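Subject: A structure for you to explore

Hi there,

Here is the structure I promised to pass on. Have it open while you read, and take your time turning it around.

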Amino acid sequence: MQEIEKTLRSRCAELINNGTCDKVIAWDRGEFFYDNSPATFACADCAQKLVYDCFCGANLSKYLIQYAKEGKTAVLLKPCDTYSFNQLLTEHRISRENIYVIGVGCDGMVDIDKIRAMGIKGITAVKEDGEDLVVSTLYGEKTVKKADCLLEKCVSCKSKKHYVFDELIPEADGEDVKENGRFDMVEKLEAMTAEERFEFWQEQLSKCIRCNACRNACPACTCRKCVFDNPHSGVASKANADSFEEKMFHIVRAFHVAGRCTDCGECSRVCPQNIPLHLLNRKFIKEINEFYGEYQAGETADQRGPLVNYTTEDAEPTAVSDRGDN
Amino acid sequence: MHNNSDKQKDQVFRMTGVDTRKCMKCGKCSASCPSFNEMQYRPHQFVDMVTKGRIEELMASPSIYHCLSCFACVERCPRGVEPAVVVEAIRNLAERKQGGTYFSPDEVPELIDGTVPQQALVSAFRKYRK
Amino acid sequence: MQRIGVFVCWCGSNIAATVDVERVAQVMKNEPGVVFSTDYQYMCSEAGQAIIRNAIAEHKLTGIVVCSCSPRMHEATFRKTAQRAGLNPYMVEIANIREQCSWIHKDKEEGTEKAIVLARAALAKVMLNAPLIAGQSSVTKRALVIGGGIAGIQSALDIADAGYEVDIVEKEPTIGGKMSKLDKTFPTLDCSACILTPKMVDAAQNEKITLYTYSEVEEVKGFVGNFNVKIRRKARYVKEDVCTGCGACMQKCPSKKGLNEFNLGLNKRTAIYIPFAQAIPNVAVIDATQCIKIKNNKCGLCDTVCAAKAIDYNQQDEFIEREYGAIVMATGFNPIKLDKFNEYSYAECPDVITSLELERIMNAAGPTGGKLVKMSNGEHPHDITFIQCVGSRDISGRGKCYCSKICCMYTAKHAMLIRDKYPDVNVHVFYIDVRTPGKNFDEFYRRAVEEYSVDYIKGQVGKVYPEGDHLVVQGVDMLANEQIIHKTDMVVLATAIEPDPTARKIASMLTASIDTNDFITEAHPKLRPVESPTAGIFLSGVCQGPKDIPETVAQAGAAAVKVLGLLSKDKLVTNPCVSQSNELLCNGCSMCQNVCPYGAIGYEDKLINDHGIRETRRVAVVNEALCQGCGACTVTCPSGAMDLKGFTNKQIMAEVDAICK
Amino acid sequence: MQVEKQFKPKIVAFCCNWCSYAGADLAGSSRLSYPADVKIIRVPCSCRVNPLFILRAFERGADGVILCGCHPGDCHYSTGNYYTRRRMTMLFSMLDYLGVEKGRTRVEWVSAAEGVKFSTVMNNFVAKIYELGENVKLGDLRCKK
Amino acid sequence: MVMTFSYYPGCTLKTKAKELDKYARASAEALGIELKELEAWQCCGACYPQSKDEIATRLSSVRALNDAAREGGVLVTLCSACHHVITRVNRDMALKPEIADKANRYLEIDYHGTTEVLHYLTMLRDRVGFDVIKSKVVNPLKGRKIGAYYGCMLLRPSKEMGFDDPENPTIMEDFIRAIGATPVVYQMRNECCGGYVAMKDKAQAKKNVSRVLDNAKNCGAEELITACPLCLYNLNENGDKAMPVTYFTELLAEALGVKEA
C-alpha cells in the first residue's frame with residue numbers, strides 16, 4: 001500500500017500540474033493515525049500529503065456533491081465507493097465531466113476497534129505486512145492477522161472491481177467477490193422469532209443518540225434538507241423526544257435509501273454507538289433482490305431503481321405478511 | 001381411478017415442466033412429426049390425452065417408442081408445449097414400471113452387424129429400458 | 001388564524017337516526033378554530049346551503065366542514081355553495097358521516113363518537129387547507145394526425161369537416177397506407193382503391209388539411225392543448241409544389257433496380273418514381289440510394305426531361321415546427337418479418353408469399369397486372385394453399401401472442417376471389433380456428449366453403465419445401481387424424497401483424513404508454529378506448545390493437561370527436577390538486593420523473609436563491625396541465641420537496657393525528 | 001368502583017378516492033356493517049400514502065393501519081398502485097424485521113364495486129387487531145430499562 | 001499462435017467412427033489447433049434425458065464439463081449426439097437449480113454451467129474462420145456436389161442448442177464452400193433420419209432415410225456429409241447405398257492434404 005500511496009501522490013500532483021484537475025479529493029491524516037479523513041488537496045505540493053493506508057475506509061464520493069460543483073475535481077475511489085459514485089450520477093447530483101476518477105486498489109480497510117478488542121492497548125501505529133498487521137504499542141510490537149481486523153464492510157466486501165474510473169492505480173483491476181456472505185446476519189435475524197428480533201433491535205436502537213453521523217456519512221442521504229431537519233415537514237425532530245422517534249428515524253432513513261443504497265457500509269462504520277445500521281439497508285437489498293430480481297444500486301449510472309419501477313406481476317405485500325411466523 | 005390419473009398427470013408435469021393446457025390444438029406437432037404414420041396416438045393427441053389424464057392408455061401404447069426425439073415438434077410448437085418432452089416422460093413412466101423394458105440385452109446379438117455404432121446401442125439402452 | 005364553520009347534516013333520518021347530530025355540532029363548536037357550528041335536516045337543500053352561505057358571511061368563515069354524505073356525492077355541491085358565498089371552493093372539507101358511519105353502525109353512542117372523530121379529522125385538515133385556484137391553459141386550435149393510412153385520413157377528414165385545421169404527417173411519399181395496397185375488402189368485396197382514393201383526394205383538397213408526406217415526427221414538446229412538434233420533411237429531391245406528376249422522369253430514368261416498396265418488393269421501380277398511379281400527392285420522389293446523379297454525379301436525365309423543372313438534386317431534409325392542441329396517433333401496422341419461420345421456406349421460394357403480397361398480385365395495378373401467377377416462373381398455378389396463424393397466437397418467442405384478428409376474413413376473401421376468377425385452381429386453407437365475429441362475416445366464410453368449395457383443413461403445416469416446379473406442404477388434418485403431404489403451386493402465409501416500429505418511438509416522445517406488444521395503451525380499455533392516458537393524445541386504428549377497416553374507420557371517427565371536444569374549448573380548466581415542487585428542497589434526482597405516469601414532471605436548471613446562496617440547480621418543475629394529482633411523486637421524493645396540493649403531507653398527517661388522538 | 005377499560009383499537013384506513021373509497025361508500029349504502037373503530041382517510045391514490053404516514057399513525061397510537069387501493073391494473077392513474085405494492089411490501093418487510101407484529105398493517109385491493117369485500121376486509125382486519133391487542137411494541141422499541 | 005481446447009471425442013469415435021475422430025485431429029493440427037483430449041471421460045449417455053427427474057443419466061456429461069472448466073473452460077465436441085447431450089446438460093447446470101443441486105451434491109463438485117461447449121464446426125467457423133480454412137486448402141474439392149446432412153441433434157431445440165437456424169441452417173454449406181466444393185441445399189437436410197429406430201424398427205428407419213436421400217439426390221447432391229455416427233450408420237444401413245455418406249472431417253482432411261498423414 002505504501003507503493004500505491006507514493007504513486008497516488010505523484011500522480012495527483014501531476015494531474016494538478018497538467019491541468020487535468022484543479023483539486024483532488026483524497027484522505028488526509030486525521031487527529032490519530034487511524035482516523036484518516038476526507039480532504040481536498042488543491043496544489044501539487046499539498047498532494048504529497050495525501051494518505052493511503054489501511055485506515056482509509058471513508059467513502060469520498062459524497063463529498064463531490066459539495067466540492068465538485070466548480071472546476072475539475074479528481075477523486076480517489078475504492079472499488080466499493082464507485083457504486084456510490086454511479087448512484088450519484090444516476091441521481092444527477094454530480095456531473096461526470098467535472099470529475100476525474102482515480103480508482104484505487106483496495107484489499108480491505110482496518111477497524112481499530114477490532115484490534116483493541118483483541119486486548120491490545122497503547123497502540124501507536126499499525127503497519128501492513130502482507131497478510132498481517134504489525135501493531136506498534138507502547139509496550140512493544142504485536143502481529144495480528146489483517147483478516148481478523150477488517151471493517152465490517154470489508155469483511156463482506158462485494159467487489160474489488162471498479163465500476164467507474166478514468167484511470168486505475170494500480171493498473172490491474174480486481175473482480176467481484178461472489179461469496180461475500182453479506183446477507184448472513186440478515187438471514188440469522190430472519191430466522192429468529194419476532195420476539196427475539198424485537199429484542200435485538202430494541203437493544204440496538206436504544207443506543208442511538210441521534211448524532212446523525214450515519215446520515216451525514218451516507219452517500220445516499222444527500223437531501224439538501226433532511227425531512228427530519230425541516231420544521232415544515234411535520235416530522236422534524238432534532239433529538240429523540242419520545243420512544244418512537246429514533247425508530248422512526250432509522251426506518252424512514254432506510255426507506256428513503258431503499259433501492260439507492262449501494263451497501264457501502266458507511267452508516268455502521270461511523271456510528272459511535274456501533275449500531276449495525278447496515279443490517280436495515282441489507283434487509284431491503286435482500287428483499288429487493290428476492291422480489292424484484294437482483295439489483296445492485298450504482299452498478300451503472302443509468303439504472304432505474306426498484307422502488308421507482310414495477311412490473312405488473314410483482315409480488316403482493318401479502319408475500320411478506322403470509323410468511324410463516326418464526 | 002380418477003385419483004390415479006390425476007397423480008400421473010402431476011407426475012408428468014413434474015417430470016416435464018410442461019403445461020399441456022397451453023396447447024391450442026393447432027396440430028403443428030403432428031404436421032411436423034416424421035413418425036406420424038407409425039404412431040397410434042399422434043403428438044397432438046398425446047398432449048390432449050395428458051391434459052385429460054389418459055396416461056395409462058398412452059403408457060400402454062407402442063407410440064411411445066416410435067417418437068424419434070427429433071424435436072421438430074418442440075422446435076415448431078407455437079405454444080411452447082414441447083410434445084417430445086411429454087412423450088419421453090410417459091415412456092419413462094412405462095419403463096420405470098416393473099417389466100417396462102422395451103429393449104433387452106438378449107436382443108442385442110442378433111441386431112449387431114459389425115457396423116452398428118456404439119452410440120446406437122447406448123442410446124437404445126438409455127432410451128428404451130430402465 | 002382560520003375561522004371554521006361546521007355544518008352537520010341529518011340527511012333526514014339517514015344520519016340522525018344513528019348519529020346524535022346535535023351533539024356532534026355541540027362538541028365541534030368547542031374545538032379550537034371553530035367559530036360556528038350547527039346542524040340541519042338537509043344541508044344539501046337550497047335552505048341548507050343558505051345556512052352555510054349566511055354563516056360564511058356572518059362569521060367571516062375562512063373554511064367549512066360539512067358532516068354529511070360521501071364527498072363523492074356532494075363535495076362539488078358544497079364547493080359551489082362556498083364559492084357563491086365568496087369563499088374559495090377548496091376551503092371545504094367533508095366528513096363522511098353517512099356511508100362511513102350512520103349507515104353501517106347500529107349503536108347510536110358508537111356512531112356519534114365516530115362521527116365526532118371524523119369531523120375532527122376533517123377539521124384538522126381544513127385548518128391546513130389553502131385556497132386553490134383551478135389553472136387554465138390555452139388550446140391551440142389545430143390537430144396533428146401521425147400516419148396517413150385510412151385511420152389517419154378519416155380522423156383528419158372528420159376534424160377538418162368540423163372546421164379545424166389538421167395536419168397529417170406520413171412517413172411514406174404518399175398517403176393511403178396499407179389499405180391502398182389491398183385489392184378487395186371483405187365482406188362486401190368492393191374494390192379497396194375505389195373507396196379509399198376518393199378519401200385521399202378529399203384529404204388533399206380539403207383546405208383545412210395540410211399533408212406532410214415523406215415526413216416524420218422528430219420531437220414533441222408541450223402538453224395537452226399546447227404541443228410543439230418538430231417535423232422532419234425528408235428530401236424528395238423533387239420540388240413538391242412544382243412537380244406535375246406527369247411521369248416523364250420515370251420513363252427516362254435508367255436506374256431500374258430499386259425494389260418497388262408499394263408492391264412489397266415483388267418487382268422493381270426506377271430511382272425516380274411515383275409510388276402508384278393514385279398517389280397523393282401525385283409527386284415524384286428520388287430514391288437517393290439508387291439515383292446515379294446523386295451517387296455518382298452522372299446522368300441527370302430526369303432533370304433534362306422535366307418540363308416543370310421540379311428536380312433538385314441538392315435538396316436537404318427540412319425541419320418545421322408547429323403548435324397543436326391535440327395529437328392523433330394513427331401509426332398503423334406491418335406484417336411481421338418471417339425470418340424466424342424458415343420452415344415455410346418463405347425466404348427461399350418466390351412462390352411462398354404473404355397475404356399482403358397476394359393482395360398486390362391480385363391487384364390490377366400490381367406487379368402482374370392482376371393476373372394470378374407464380375412469381376417464380378410466371379406460370380398459372382393450379383393449386384394454392386393458405387396457412388393461417390403464421391406468427392399469431394404464438395408464445396414460443398417467434399411470433400406474437402395475440403390473435404391478429406383480420407387474417408381469417410382476408411384468407412376467406414382470397415380463397416373466394418381466386419376460386420371465383422380461376423375456377424380451375426384448387427384452394428386449400430390450413431386453419432386452427434376460423435374466427436369470424438362481425439356483421440356478415442361468418443356468412444362470408446361459409447360462402448367460401450359452401451359456394452366456392454374452398455377446402456378448409458383443420459390443422460397446421462409443419463414444413464413447406466420446393467420439389468421440382470412445385471411446393472410440398474407437409475401438414476396435418478386433425479379431424480381425419482392424418483398427416484398430409486400435399487403438392488401445391490403457391491403457398492400464402494397469413495402473417496401476423498404488429499404495430500409499426502415508429503409507434504414505440506413516437507409513443508415515448510408523447511409519453512403515451514404502450515403495452516408489451518407495442519400497441520398503444522388506452523386510458524381505459526372499455527370506457528376510454530380511443531384516448532391515451534396522456535391528455536391530448538388520441539388513438540386511431542391498429543396502433544391501439546388489431547382491427548379491420550370498418551372498426552378502424554369507426555375508431556378514427558371517435559378519436560376525431562374526442563379531438564373536437566378538446567379543440568372546441570377556449571380554455572382548459574385544470575385540476576388544482578396537483579403536485580408542486582419546492583425548489584429549495586429539490587435534490588434534482590429525477591426519481592419523481594420516473595414514477596410520473598403523465599410525463600408531467602420536467603427538470604430545469606434554475607437560478608436558486610437558497611437563503612442567500614445563489615446557484616444554478618437542477619430542479620423538478622411540475623406541468624400543472626399534465627399533472628392529474630395521483631401523488632406518486634410525493635412519496636418517491638425523499639426530501640419532501642414534492643407535495644400534493646389539497647392532499648399535503650401535513651394535511652394527511654393532521655388527519656392521522658386527529659383520528660389517533 | 002373503576003371498571004377496567006375495554007380495549008378499543010384505533011384503526012386508520014387509507015382509501016384511494018376512485019376505487020376503495022367508492023367501495024366503502026357502496027358498503028355503506030348496502031348497509032354492510034363493520035366496526036366503528038375503523039376511520040377512513042381519503043387519498044387520491046394508494047400511491048399517495050407515504051410509509052411515513054403509517055409510521056406516524058403508529059407513533060400517535062394507532063393499533064392497526066390498512067391501505068386500500070384499486071386492483072393492480074385498474075389504477076385510475078394507471079400505474080400508481082404498482083408503486084404502492086412495492087413500497088408497502090418493503091415497509092411491511094421492515095416492520096416484520098424489527099419484530100413488530102405483521103398483522104398490524106395490511107394492503108387490500110378493493111374496487112368500487114366491492115362493497116361486500118370492503119366490509120369483509122374491515123371486519124377481518126379489526127378482528128385481527130383485537131386478537132393482537134394494544135400496540136405497545138412500536139411505541140416501545142426503545143429500551144426503557 | 002496455437003489455440004488449445006479441451007476435446008471430448010465420445011465413445012463411438014473410439015470404435016466405429018474412428019475416421020470422424022482421426023481426420024478431425026489431423027485437420028486441427030494442420031490448422032494450428034491443439035485438441036487436448038480430456039483425461040478421464042465417460043460416455044455422455046448418447047441421448048439427452050428430457051425428464052427433469054433423470055439425474056444419473058446426466059452425471060457423466062457434468063463430469064466432463066467440470067473437468068473442462070478447470071482446463072480453460074472450452075470443450076470441443078464432434079459427434080452430434082455428444083454435442084447435443086453435453087450442451088443441454090450444461091444448460092441445465094446453469095439454469096435449472098433443481099438439477100444442478102442434485103448433480104453437484106452427488107458428484108461433490110460445484111459446477112454451474114460455466115464451460116463453453118463448442119462444436120468442431122462452430123470452432124472452425126468462429127475460432128479459425130472459414131476464410132482461413134479456405135486459404136489453407138491445398139487440395140480444393142472442386143466440382144464435387146456435396147449435400148450437408150445436419151439431422152436433428154445439432155439444430156434442435158434451437159433455443160437450447162443455438163447452433164444455427166433450425167429450419168435453414170448454413171454452417172455446413174459454408175464449410176463445403178470453404179473446402180472448394182459446391183454445396184447442394186436440399187430441404188430434408190434438417191429432418192430426422194430415424195436413427196433411434198435404426199435397429200429395432202427398420203421399416204420406419206428406411207422410410208425416413210429414403211425421404212432424406214431421395215430429396216438430396218433430386219436436388220443434385222452426389223454425396224453427403226454428416227457429423228453424426230448414428231446418422232451415417234443409418235443412412236448407409238437403411239438406405240440404398242447409392243449415395244456415399246462421409247464424415248465432414250474426412251473431406252476437411254482431404255482438402256487440407258492431411259488425409260493420408
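This is a predicted model: local features need pLDDT of at least 70, side-chain atom pairs count only at pLDDT 80 or more; totals for chains, interfaces and linings use all residues.

Let's begin with chain D. How many helices and strands does chain D have? There are 4 helices and 4 strands, and along the sequence they follow the pattern β-α-β-α-β-α-β-α. The radius of gyration of chain D is 16 Å, close to the 15 Å that the globule rule gives for 145 residues, so this chain is as compact as a globular protein of that length. Its C-alpha atoms fill a box of roughly 50 × 35 × 20 Å along the principal axes. Of the 145 residues in chain D, 70% count as buried. If you look at contacts in chain D with a separation of 6 or more, 83% of them are between residues 24 or more positions apart.

Next, the nonpolar cores. The largest one has 362 residues, and the members that touch the most others are Cys67(C) and Ala119(C). Helix α6 of chain C, residues 108–127, gives the most to this core, with 11 residues.

Now for a sheet in chain C. It is an open sheet of 3 strands in the order β11-β12-β17, with antiparallel pairing. Here β11 (215–223) and β17 (318–324) stand at the edges with a single partner strand each, so one side of each has no neighbour in the sheet. On average, neighbouring strands of this sheet are turned by 20 degrees against each other, direction ignored. β11(C) is joined by 8 bridges to β12(C), residues 226–233, and Ser215(C) stands opposite Arg233(C) in β12(C).

Last, two helices of chain C. The axes of α13 (residues 407–421) and α14 (residues 441–450) come within 9 Å and cross at roughly 35 degrees. Is this crossing left-handed or right-handed? The crossing of α13(C) and α14(C) is left-handed. From α13(C), Met409(C), Ala412(C), Ala415(C) and Met416(C) make the contact, and from α14(C) the residues are Phe441(C), Phe444(C), Tyr445(C), Arg447(C) and Ala448(C).

Enjoy exploring!

Methods. Residues are numbered from 1 along each chain as its sequence is written. Chains are lettered from A and ligands numbered from 1 in the order in which they are written. A nonpolar core is a set of buried Ala, Val, Leu, Ile, Met, Phe, Trp, Tyr and Cys residues joined through C-beta atoms within 7 Å. A residue is buried if 20 or more other C-beta atoms lie within 10 Å of its own, exposed if 12 or fewer, and partly exposed in between; C-beta atoms are placed from the backbone. The radius of gyration is taken over C-alpha atoms; the globule rule is 2.2 Å times the number of residues to the power 0.38. Two residues are in contact if their C-beta atoms, placed from the backbone, lie within 7 Å. Two strands pair if DSSP finds at least two bridges between them. Axes are lines fitted to C-alpha atoms, for helices over the stretch in contact, and angles run from 0 to 180 degrees between N-to-C directions. A crossing is left-handed if the near helix is turned anticlockwise from the far one by less than a right angle, and right-handed if clockwise.
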